[in-house]
Structure formats: structure tokens, C-alpha cells
Amino acid sequence: MNEWKKAERARMADLRKGIPAAQRAAWSESACAHAVRMLEECGVDRFMAYVSFRSELDTAPLLEWGFMNGKTVIVPRCIPEDRSMELYAISSLDMLVPGAYGIMEPDPALAARVDLARTMPQAIVVPGLAFDVEGGRLGYGGGYYDRFRDRITMAAASQGCPVPPWIGLGFDMQLVESVPMEAHDARMDAIVTERGRRRITPCAKERSGCSWS
Ligand SMILES: Nc1nc2c(c(=O)[nH]1)N(C=O)[C@@H](CNc1ccc(C(=O)N[C@@H](CCC(=O)O)C(=O)O)cc1)CN2
Ligand SMILES: Nc1ncnc2c1ncn2[C@@H]1O[C@H](COP(=O)(O)OP(=O)(O)OP(=O)(O)O)[C@@H](O)[C@H]1O
């Protein structure tokens with residue numbers, strides 16, 4: 001499994017790297033527009049999203065929509081020591097500074113720390129190297145989002161609120177037939193690409209009580 005994951009990570013990273021810059025920008029705009037529509041339909045006023053690095057889909061249009069529309073935009077900061085993520089609310093991309101792995105992250109001096117016990121995001125937009133139609137996801141192998149999934153599940157349970165839907169956001173070419181999943185791997189409730197919403201699990205609908213189709 002680990003060898004397969006390693007090879008698949010390298011293959012998918014290469015594929016993504018091959019997307020020309022203009023194409024990447026256009027696809028990123030379209031995918032973010034689909035994500036925005038989804039968040040709007042769900043009446044979301046606070047959401048968590050990733051800040052793109054390397055050749056990832058550029059989430060800036062999604063974050064900017066949040067800033068412009070008075071949403072609470074929550075982004076993570078990686079703590080490599082224990083592979084956890086701290087959350088901060090930002091109101092501008094200027095509040096980001098380079099962090100672990102070269103990923104832009106909130107500057108703790110500028111951004112407000114988010115405590116899940118008080119501010120539960122209503123949706124979580126997740127990065128990935130590959131996704132499959134069952135909501136399977138292949139990440140970079142740090143287990144950051146898998147650990148975060150455990151944390152948010154516990155925080156939600158202790159508040160008696162539903163776990164927010166997990167939305168994988170990536171390019172259509174990142175969709176693969178199947179990502180073998182291990183017990184700890186977090187599954188997506190929806191996958192959004194430049195071609196639209198690719199998959200929504202029925203349970204996400206029930207949990208969030210919103211009208212995704
Ligand atoms: N934008 C964004 N943020 C994210 C993620 C992501 O995929 N995208 N991650 C989602 O998971 C986590 C970061 N995970 C990462 C894990 C490893 C490496 C990395 O550079 N790995 C080396 C190989 C390390 C090794 O095997 O020794 C490499 O790829 O060269 C980068 C990010 C959390 N934040
Ligand atoms: N909930 C968890 N608690 C502790 N360790 C975990 C957890 N989830 C995953 N791990 C560990 O993290 C490592 C990476 O897991 P995996 O290969 O699934 O990462 P990934 O999903 O690709 O990474 P990421 O979430 O950062 O994108 C594995 O060694 C795994 O055992």
C-alpha cells in the first residue's frame with residue numbers, strides 16, 4: 001500500500017505540474033465558482049479552506065469571495081512536530097506568510113486564532129493529489145487532514161453538532177478510478193472540480209441539512 005501510494009503521489013504530482021499556467025488559472029476560477037455556489041446554497045457563513053502550494057488548484061478566488069462577502073475564512077497552519085494544524089481566521093491574503101513545506105499560512109501575529117469549541121466551520125475545503133468517485137483521497141502523506149478529521153469529529157460531538165461536510169477541491173484530471181483507503185483515511189463528502197460537483201454522499205446531505213443535489 002505504501003509503495004503504491006508513493007508511486008501514485010509522484011505520478012499525480014507530475015500530471016498536475018504539467019498543466020500550463022493559463023489553464024490552471026482558468027480551471028481554478030471555474031472550480032472555485034462551483035465551490036462558491038455550493039457554499040452559497042448551504043448558507044455557509046464560515047468555512048475552512050486550504051491555501052494552495054506547488055501546482056495545486058489556486059483557491060485564491062474562493063478565499064477572496066469569502067473576504068468580499070463577510071464570511072469567516074478559516075485557514076490552517078501546519079505544525080510539523082506533531083503533524084497537527086492550527087486554525088486562524090483571515091480577512092486578506094496579506095495575512096499569509098510562508099510556512100512549513102513552503103505553504104502560505106496565517107501569520108499568528110496578524111490572524112485570529114480559531115478555537116473549534118467556539119467556531120466550528122460549516123464546510124471544510126480539502127486539498128488532495130487525487131480523489132476518487134467514492135470520496136477517497138490521496139494526500140501528501142503527512143496524515144494532517146486525517147488527524148484533523150479526528151479532531152473535528154470529537155469537537156463536533158462534544159458540541160452536539162454535525163461534522164461539517166468535507167469538500168475535496170481539485171482539477172478534474174485528479175479524479176482517478178480508485179484511491180485505496182486505509183481505516184484512518186478521511187473520506188470526502190463531495191468533490192468539486194472545474195467541471196462541477198462530481199460527487200456528494202447522501203450522508204453529507206442528511207448531516208448538513210442543505211439542498212445539494
Ligand atoms: N495547500 C496544502 N496544504 C496542506 C496540504 C496540502 O496537500 N496542500 N497537506 C495535505 O496533506 C498538508 C501538508 N502536507 C505535506 C506533507 C508533505 C509534504 C512534502 O513536502 N513532502 C515531501 C516528501 C517528504 C518525505 O517523504 O520525506 C515531498 O513531497 O517532497 C508537503 C506537504 C497540510 N497542508
Ligand atoms: N488519525 C491519525 N492519527 C495518527 N496518525 C495518523 C492518523 N491518520 C494518519 N496517520 C498517519 O499519518 C501517516 C500518513 O497517512 P496517509 O498516507 O494516509 O496521509 P495522507 O492522507 O496522504 O496525508 P495528508 O492528510 O497530510 O494529506 C501514516 O503514517 C498514518 O499512520
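This is a predicted model: local features need pLDDT of at least 70, side-chain atom pairs count only at pLDDT 80 or more; totals for chains, interfaces and linings use all residues.

Biologist: How do you know what span to expect for helix H2?

Modeller: H2 covers residues 21-41, which is 21 residues. By the rule of 1.5 Å a residue, 30 Å is expected, and H2 reaches 30 Å from its first C-alpha to its last. The two values are close.

Biologist: Which residues of H2 are buried?

Modeller: Trp27, Ser28, Ala31, Cys32, Ala35, Met38 and Leu39 are. The cut-off for buried is 20 or more other C-beta atoms within 10 Å.

Biologist: And why say that the buried residues of H2 line one face?

Modeller: Look down the axis of H2: the buried residues fall within an arc of 135°, so they line one face of the helix. On the face turned away from the buried side, you find the exposed residues Ala22, Glu40 and Glu41. Just after H2 comes Gly43, with a positive phi of about 65°.

Biologist: What about helix H3, residues 60-68?

Modeller: Its buried residues are Leu62, Leu63 and Gly66. They fall within an arc of 95° seen down the axis of H3, so they also line one face of that helix. These buried residues pack against H2, strand E1 (46-48), strand E2 (72-79) and strand E7 (124-126). Gly70 follows H3, and its phi is positive, near 70°.

Biologist: How much of the chain counts as buried?

Modeller: That's 36% of the 213 residues. As for contacts with a separation of 6 or more, residues 24 or more positions apart account for 67% of them.

Biologist: Why pick out the phi of Arg54?

Modeller: Most residues other than glycine have a negative phi. Arg54 has a positive one, near 45°, and is not a glycine. You'll find Arg54 in the loop between E1 and H3.

Biologist: Why is Arg54 called partly exposed?

Modeller: Exposed needs 12 or fewer neighbours and buried needs 20 or more. Arg54 has 13 C-beta neighbours inside 10 Å, so it counts as partly exposed.

Biologist: And what is the phi of Tyr101?

Modeller: Near 60°, again positive in a residue other than glycine. Tyr101 sits in the loop between strand E4 (96-98) and strand E5 (104-106). With 13 C-beta neighbours inside 10 Å, Tyr101 counts as partly exposed. Tyr101 is also among the residues that come nearest to ligand 1, along with Pro127, Gly139, Tyr140 and Gly142.

Biologist: What classes of residue make up the shell around ligand 1?

Modeller: Ten nonpolar, four polar and one charged. The shell around ligand 2 divides into four nonpolar, five polar and five charged.

Biologist: Which helix gives the most to the shell around ligand 2?

Modeller: Helix H4 (residues 144-159), with five residues. Of the 14 residues around ligand 2, Gly139, Gly142, Gly143, Tyr145 and Asp146 come nearest.

Note on methods:
Residues are numbered from 1 along each chain as its sequence is written. Chains are lettered from A and ligands numbered from 1 in the order in which they are written. A residue is near a molecule or strand if its C-beta atom, placed from the backbone, lies within 6 Å of it. Ala, Val, Leu, Ile, Met, Phe, Trp, Tyr, Cys and Pro count as nonpolar, Asp, Glu, Lys and Arg as charged, and the others, Gly among them, as polar. Two residues are in contact if their C-beta atoms, placed from the backbone, lie within 7 Å. Helices (H or I, at least four residues) and strands (E, at least two) are DSSP runs, numbered from the N terminus. The expected span of a helix is 1.5 Å times one less than its number of residues. The arc is that of the directions from the helix axis to the C-beta atoms.
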